[in-house]
Amino acid sequence: VAAESGLFQEAGADGSPGTVNGKPGSDFMVDVIKTLDIKYAITNPASSCRGIHESFVSYGGNTMPELLTATHEETATAMGHGYFKVTGKPIISLCHGTVGLQHAAMAVYNAWCDRVPVIMVVGNNTDAQTRVPGTPTLHTVQDPGSIVRDYTKWDDQPGSLQHYAESMVRAYKIAMTPPFEPVLISLEEHMQEHEIHSPRPLTIPRLTTPSFPAGDMNAVREAAALLANAEFPVIVVDRAARSQAGMENVVALAESVNALVVDRFGRMNMPNTHPLYQMGSAALQRADVVLGLELTDFWGTVNNFTDNVAQNVSPNVSPDAKLISI
(Lines give C-alpha, C1' and ligand atoms only; values in the text may rest on other atoms or scores of the structure.)
Protein backbone atom coordinates (compact mmCIF):
# COMPACT_ATOMS: atom_id res chain seq x y z
CA VAL A 1 0.00 0.00 0.00
CA ALA A 2 2.72 2.45 0.98
CA ALA A 3 4.89 1.62 -2.03
CA GLU A 4 1.98 2.24 -4.37
CA SER A 5 1.32 5.64 -2.77
CA GLY A 6 4.55 7.04 -4.20
CA LEU A 7 5.91 8.09 -0.80
CA PHE A 8 8.71 5.55 -0.77
CA GLN A 9 11.71 5.68 -3.09
CA GLU A 10 14.51 3.31 -3.99
CA ALA A 11 17.95 3.54 -2.41
CA GLY A 12 20.29 5.99 -4.09
CA ALA A 13 22.37 4.95 -7.09
CA ASP A 14 25.51 5.22 -4.97
CA GLY A 15 24.09 2.70 -2.54
CA SER A 16 23.10 5.29 0.05
CA PRO A 17 19.93 4.59 2.04
CA GLY A 18 16.69 5.70 0.44
CA THR A 19 14.64 8.33 2.25
CA VAL A 20 10.99 9.30 2.16
CA ASN A 21 10.80 13.01 1.45
CA GLY A 22 12.05 13.82 4.95
CA LYS A 23 9.18 12.00 6.62
CA PRO A 24 9.67 10.55 10.11
CA GLY A 25 9.41 6.85 10.77
CA SER A 26 6.17 7.36 12.69
CA ASP A 27 4.41 8.37 9.45
CA PHE A 28 5.18 4.95 8.02
CA MET A 29 4.01 3.35 11.27
CA VAL A 30 0.64 5.06 10.79
CA ASP A 31 0.48 3.83 7.19
CA VAL A 32 0.86 0.27 8.46
CA ILE A 33 -1.88 0.68 11.08
CA LYS A 34 -4.27 2.15 8.51
CA THR A 35 -4.07 -1.07 6.45
CA LEU A 36 -5.39 -2.97 9.50
CA ASP A 37 -8.61 -0.92 9.62
CA ILE A 38 -8.15 -0.04 13.29
CA LYS A 39 -10.59 2.70 14.25
CA TYR A 40 -9.11 4.10 17.48
CA ALA A 41 -5.85 4.45 19.38
CA ILE A 42 -6.23 5.45 23.04
CA THR A 43 -3.37 7.00 24.99
CA ASN A 44 -2.28 9.01 27.99
CA PRO A 45 0.21 11.18 26.06
CA ALA A 46 3.90 11.13 27.00
CA SER A 47 7.36 11.53 25.48
CA SER A 48 8.12 7.98 24.32
CA CYS A 49 5.04 8.00 22.04
CA ARG A 50 5.10 11.63 20.88
CA GLY A 51 6.32 10.69 17.41
CA ILE A 52 3.47 8.36 16.51
CA HIS A 53 1.06 10.60 18.45
CA GLU A 54 1.97 13.50 16.14
CA SER A 55 1.71 11.31 13.03
CA PHE A 56 -1.75 10.02 13.98
CA VAL A 57 -3.02 13.60 14.08
CA SER A 58 -1.00 15.56 11.50
CA TYR A 59 -0.07 12.92 8.93
CA GLY A 60 -2.93 10.45 9.35
CA GLY A 61 -5.65 13.09 9.62
CA ASN A 62 -6.72 11.67 12.98
CA THR A 63 -8.92 9.07 11.30
CA MET A 64 -8.53 5.30 11.16
CA PRO A 65 -7.23 5.41 13.75
CA GLU A 66 -8.57 8.40 15.61
CA LEU A 67 -6.44 9.29 18.62
CA LEU A 68 -8.37 9.44 21.89
CA THR A 69 -6.81 10.62 25.13
CA ALA A 70 -7.36 8.98 28.51
CA THR A 71 -6.25 9.98 32.00
CA HIS A 72 -4.81 6.55 32.80
CA GLU A 73 -3.43 3.60 30.80
CA GLU A 74 -5.57 1.10 32.67
CA THR A 75 -8.62 3.09 31.57
CA ALA A 76 -7.37 3.19 27.98
CA THR A 77 -6.80 -0.57 27.88
CA ALA A 78 -10.15 -1.27 29.53
CA MET A 79 -11.81 0.84 26.83
CA GLY A 80 -10.18 -1.37 24.22
CA HIS A 81 -11.50 -4.41 26.09
CA GLY A 82 -15.04 -3.07 26.09
CA TYR A 83 -14.86 -1.90 22.48
CA PHE A 84 -14.04 -5.42 21.29
CA LYS A 85 -16.86 -6.93 23.33
CA VAL A 86 -19.31 -4.66 21.52
CA THR A 87 -17.86 -4.59 17.99
CA GLY A 88 -15.70 -7.69 17.65
CA LYS A 89 -12.78 -5.50 16.46
CA PRO A 90 -9.55 -4.62 18.28
CA ILE A 91 -8.17 -1.14 18.90
CA ILE A 92 -4.79 0.14 20.10
CA SER A 93 -3.81 1.04 23.65
CA LEU A 94 -0.72 3.29 23.38
CA CYS A 95 1.40 3.37 26.56
CA HIS A 96 4.37 5.45 27.66
CA GLY A 97 7.38 3.37 28.64
CA THR A 98 7.63 1.22 31.72
CA VAL A 99 5.36 3.40 33.84
CA GLY A 100 2.54 3.46 31.29
CA LEU A 101 2.67 -0.28 30.71
CA GLN A 102 2.71 -0.93 34.46
CA HIS A 103 -0.42 1.20 34.81
CA ALA A 104 -2.06 -0.79 32.00
CA ALA A 105 -1.00 -4.19 33.35
CA MET A 106 -4.14 -4.95 35.36
CA ALA A 107 -6.38 -4.17 32.39
CA VAL A 108 -4.14 -6.29 30.14
CA TYR A 109 -4.61 -9.17 32.57
CA ASN A 110 -8.39 -8.66 32.54
CA ALA A 111 -8.40 -8.78 28.73
CA TRP A 112 -6.31 -11.95 28.80
CA CYS A 113 -8.70 -13.61 31.27
CA ASP A 114 -11.66 -12.67 29.08
CA ARG A 115 -9.86 -13.68 25.85
CA VAL A 116 -10.02 -10.19 24.32
CA PRO A 117 -7.50 -8.98 21.69
CA VAL A 118 -6.31 -5.52 22.73
CA ILE A 119 -3.29 -4.38 20.68
CA MET A 120 -0.84 -2.90 23.17
CA VAL A 121 1.82 -0.48 21.89
CA VAL A 122 4.53 0.86 24.22
CA GLY A 123 7.15 3.53 23.58
CA ASN A 124 10.76 2.76 24.50
CA ASN A 125 14.32 3.78 23.56
CA THR A 126 16.95 1.11 24.08
CA ASP A 127 19.75 2.88 22.17
CA ALA A 128 21.82 4.82 24.72
CA GLN A 129 23.56 6.70 21.88
CA THR A 130 20.33 8.40 20.79
CA ARG A 131 18.45 8.42 24.09
CA VAL A 132 18.29 11.75 25.87
CA PRO A 133 18.90 11.96 29.63
CA GLY A 134 16.20 12.42 32.20
CA THR A 135 12.75 10.86 31.89
CA PRO A 136 13.36 9.03 28.57
CA THR A 137 16.33 7.26 30.14
CA LEU A 138 14.62 6.55 33.45
CA HIS A 139 11.59 5.01 31.73
CA THR A 140 13.55 2.78 29.33
CA VAL A 141 14.02 -0.95 29.87
CA GLN A 142 15.75 -3.66 27.87
CA ASP A 143 12.64 -5.79 27.54
CA PRO A 144 9.34 -3.95 28.12
CA GLY A 145 7.32 -6.99 27.04
CA SER A 146 8.47 -8.83 30.17
CA ILE A 147 6.14 -6.67 32.25
CA VAL A 148 3.04 -8.33 30.77
CA ARG A 149 4.43 -11.38 28.93
CA ASP A 150 2.82 -13.92 31.25
CA TYR A 151 -0.62 -12.68 30.21
CA THR A 152 -0.18 -11.67 26.59
CA LYS A 153 -0.25 -13.94 23.57
CA TRP A 154 2.75 -12.51 21.69
CA ASP A 155 5.08 -9.51 21.76
CA ASP A 156 7.98 -8.04 19.79
CA GLN A 157 10.28 -5.00 19.79
CA PRO A 158 11.12 -4.24 16.14
CA GLY A 159 14.60 -2.97 15.34
CA SER A 160 13.72 -1.33 12.02
CA LEU A 161 10.71 0.10 10.21
CA GLN A 162 10.45 -2.93 7.93
CA HIS A 163 10.61 -5.15 10.99
CA TYR A 164 7.85 -3.01 12.53
CA ALA A 165 5.60 -3.47 9.48
CA GLU A 166 6.01 -7.24 9.63
CA SER A 167 5.45 -7.35 13.38
CA MET A 168 2.40 -5.08 13.51
CA VAL A 169 0.58 -7.09 10.85
CA ARG A 170 1.59 -10.31 12.56
CA ALA A 171 0.45 -8.98 15.95
CA TYR A 172 -3.00 -8.22 14.55
CA LYS A 173 -3.27 -11.67 12.99
CA ILE A 174 -2.17 -13.48 16.17
CA ALA A 175 -4.47 -11.42 18.39
CA MET A 176 -7.45 -12.12 16.13
CA THR A 177 -6.94 -15.89 15.97
CA PRO A 178 -8.88 -17.72 18.72
CA PRO A 179 -8.25 -17.85 21.55
CA PHE A 180 -8.25 -14.05 21.27
CA GLU A 181 -5.72 -12.43 23.61
CA PRO A 182 -3.73 -9.17 23.98
CA VAL A 183 -0.47 -8.64 22.06
CA LEU A 184 2.29 -6.05 22.51
CA ILE A 185 4.58 -4.11 20.15
CA SER A 186 7.41 -1.96 21.53
CA LEU A 187 8.19 1.14 19.44
CA GLU A 188 11.64 2.70 19.51
CA GLU A 189 11.33 6.42 20.24
CA HIS A 190 14.29 7.28 17.97
CA MET A 191 12.77 5.30 15.09
CA GLN A 192 9.48 7.17 15.46
CA GLU A 193 10.94 10.66 15.44
CA HIS A 194 13.76 10.52 12.91
CA GLU A 195 13.75 10.62 9.14
CA ILE A 196 13.27 7.34 7.36
CA HIS A 197 16.46 5.74 6.10
CA SER A 198 16.15 2.33 4.51
CA PRO A 199 18.48 0.48 2.12
CA ARG A 200 15.42 -0.98 0.40
CA PRO A 201 11.92 0.33 -0.32
CA LEU A 202 9.66 -0.18 2.68
CA THR A 203 6.70 -2.49 2.12
CA ILE A 204 3.62 -3.33 4.15
CA PRO A 205 2.69 -7.04 4.29
CA ARG A 206 -0.79 -7.89 3.20
CA LEU A 207 -3.03 -8.94 6.07
CA THR A 208 -4.38 -12.43 5.54
CA THR A 209 -7.05 -13.74 7.88
CA PRO A 210 -6.24 -17.21 9.17
CA SER A 211 -8.85 -19.92 9.46
CA PHE A 212 -9.98 -20.49 13.02
CA PRO A 213 -8.58 -23.59 14.73
CA ALA A 214 -10.68 -26.71 14.15
CA GLY A 215 -10.61 -30.17 15.63
CA ASP A 216 -9.25 -33.18 13.79
CA MET A 217 -12.26 -34.63 11.96
CA ASN A 218 -11.64 -38.19 13.14
CA ALA A 219 -11.57 -36.96 16.74
CA VAL A 220 -14.72 -34.90 16.16
CA ARG A 221 -16.54 -37.96 14.74
CA GLU A 222 -15.44 -40.07 17.71
CA ALA A 223 -16.67 -37.42 20.14
CA ALA A 224 -19.99 -37.16 18.29
CA ALA A 225 -20.46 -40.93 18.45
CA LEU A 226 -19.75 -40.97 22.20
CA LEU A 227 -22.32 -38.23 22.80
CA ALA A 228 -24.94 -39.78 20.54
CA ASN A 229 -24.66 -43.18 22.20
CA ALA A 230 -24.38 -41.93 25.79
CA GLU A 231 -27.10 -42.80 28.29
CA PHE A 232 -26.48 -39.68 30.40
CA PRO A 233 -24.33 -37.12 28.55
CA VAL A 234 -23.32 -33.91 30.32
CA ILE A 235 -21.80 -30.81 28.73
CA VAL A 236 -19.73 -28.44 30.86
CA VAL A 237 -19.34 -24.95 29.41
CA ASP A 238 -16.87 -22.22 30.30
CA ARG A 239 -15.66 -20.02 27.41
CA ALA A 240 -17.71 -21.96 24.92
CA ALA A 241 -19.42 -19.16 23.00
CA ARG A 242 -17.78 -16.10 21.42
CA SER A 243 -20.87 -14.93 19.54
CA GLN A 244 -24.64 -15.18 19.41
CA ALA A 245 -24.30 -17.93 16.79
CA GLY A 246 -21.90 -19.78 19.10
CA MET A 247 -24.40 -19.70 21.95
CA GLU A 248 -27.16 -20.95 19.66
CA ASN A 249 -24.90 -23.82 18.58
CA VAL A 250 -24.26 -24.82 22.21
CA VAL A 251 -28.02 -24.93 22.79
CA ALA A 252 -28.60 -26.92 19.59
CA LEU A 253 -25.89 -29.43 20.54
CA ALA A 254 -27.36 -29.96 24.01
CA GLU A 255 -30.86 -30.42 22.61
CA SER A 256 -29.72 -32.82 19.87
CA VAL A 257 -28.27 -35.32 22.39
CA ASN A 258 -30.50 -34.33 25.34
CA ALA A 259 -27.47 -33.42 27.45
CA LEU A 260 -27.60 -31.46 30.68
CA VAL A 261 -25.37 -28.37 30.56
CA VAL A 262 -23.34 -27.33 33.60
CA ASP A 263 -22.20 -23.68 33.66
CA ARG A 264 -18.77 -22.89 35.15
CA PHE A 265 -19.79 -19.21 35.44
CA GLY A 266 -17.43 -18.07 32.69
CA ARG A 267 -18.51 -16.00 29.71
CA MET A 268 -22.09 -16.37 28.44
CA ASN A 269 -22.58 -19.81 26.96
CA MET A 270 -25.96 -21.35 27.91
CA PRO A 271 -29.21 -19.56 28.82
CA ASN A 272 -29.93 -20.24 32.50
CA THR A 273 -33.67 -20.35 31.68
CA HIS A 274 -33.22 -23.36 29.38
CA PRO A 275 -34.61 -26.64 30.83
CA LEU A 276 -31.27 -28.41 30.19
CA TYR A 277 -29.30 -25.81 32.14
CA GLN A 278 -27.84 -27.05 35.45
CA MET A 279 -26.11 -25.39 38.38
CA GLY A 280 -23.66 -27.31 40.53
CA SER A 281 -21.90 -30.60 39.83
CA ALA A 282 -24.55 -33.17 40.82
CA ALA A 283 -25.23 -34.08 37.18
CA LEU A 284 -21.59 -35.06 36.67
CA GLN A 285 -21.90 -37.91 39.16
CA ARG A 286 -24.42 -39.66 36.87
CA ALA A 287 -22.65 -38.88 33.57
CA ASP A 288 -21.22 -41.58 31.34
CA VAL A 289 -19.85 -38.99 28.88
CA VAL A 290 -18.66 -35.49 29.83
CA LEU A 291 -17.93 -32.90 27.13
CA GLY A 292 -15.85 -29.94 28.37
CA LEU A 293 -16.04 -26.86 26.13
CA GLU A 294 -12.95 -24.64 26.61
CA LEU A 295 -12.66 -25.30 30.31
CA THR A 296 -10.08 -23.31 32.24
CA ASP A 297 -9.77 -26.17 34.74
CA PHE A 298 -11.07 -29.53 33.50
CA TRP A 299 -9.40 -31.38 36.40
CA GLY A 300 -11.15 -29.15 38.92
CA THR A 301 -14.43 -29.84 37.16
CA VAL A 302 -14.32 -33.64 37.40
CA ASN A 303 -12.74 -33.75 40.85
CA ASN A 304 -13.73 -32.44 44.28
CA PHE A 305 -10.93 -30.63 46.09
CA THR A 306 -11.03 -29.31 49.64
CA ASP A 307 -8.59 -26.50 50.31
CA ASN A 308 -7.58 -27.46 53.86
CA VAL A 309 -4.50 -28.89 55.57
CA ALA A 310 -5.32 -32.40 54.33
CA GLN A 311 -6.16 -31.18 50.80
CA ASN A 312 -8.73 -33.91 50.29
CA VAL A 313 -9.38 -34.99 46.68
CA SER A 314 -12.18 -37.21 45.40
CA PRO A 315 -13.48 -37.88 41.89
CA ASN A 316 -16.65 -36.11 40.82
CA VAL A 317 -17.43 -38.53 38.00
CA SER A 318 -17.69 -42.28 37.56
CA PRO A 319 -14.36 -44.02 36.88
CA ASP A 320 -15.90 -45.36 33.65
CA ALA A 321 -17.00 -41.95 32.36
CA LYS A 322 -15.54 -40.80 29.03
CA LEU A 323 -14.10 -37.28 29.08
CA ILE A 324 -13.97 -35.13 25.93
CA SER A 325 -12.02 -31.86 25.99
CA ILE A 326 -12.45 -29.15 23.35
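User: How many aromatic pairs does the count come to by this rule?

Analyst: The count comes to five aromatic pairs. Rings of Phe, Tyr and Trp (its six-membered ring) pair if their centres lie within 6.5 Å; planes under 30 degrees apart are stacked, over 60 edge-to-face, and the rest tilted. One of them joins Phe84 and Phe180: with centres 5.5 Å apart and planes at 70°, this pair is edge-to-face. A word on the source: this is a predicted model, where local features need pLDDT of at least 70, side-chain atom pairs count only at pLDDT 80 or more, and totals for chains, interfaces and linings use all residues. Residues are numbered from 1 along each chain as its sequence is written, and side-chain values use heavy atoms, leaving out hydrogens and water.

User: Which parts does the pair of Phe84 and Phe180 tie together?

Analyst: Helices (H or I, at least four residues) and strands (E, at least two) are DSSP runs, numbered from the N terminus. Phe84 lies in helix H3 (residues 73–87) and Phe180 in the loop between helix H6 (161–175) and strand E7 (183–188), so the pair ties together parts 96 residues apart in sequence. Phe180 also forms an edge-to-face pair with Phe212, at 6.1 Å centre to centre and 75° between the planes.

User: Is Phe180 buried or exposed?

Analyst: Buried means under 20% relative accessible area, exposed over 50%, and partly exposed in between (1.4 Å probe, protein chains only). Phe180 counts as buried because its relative accessibility is 10%. Phe84 is buried too.
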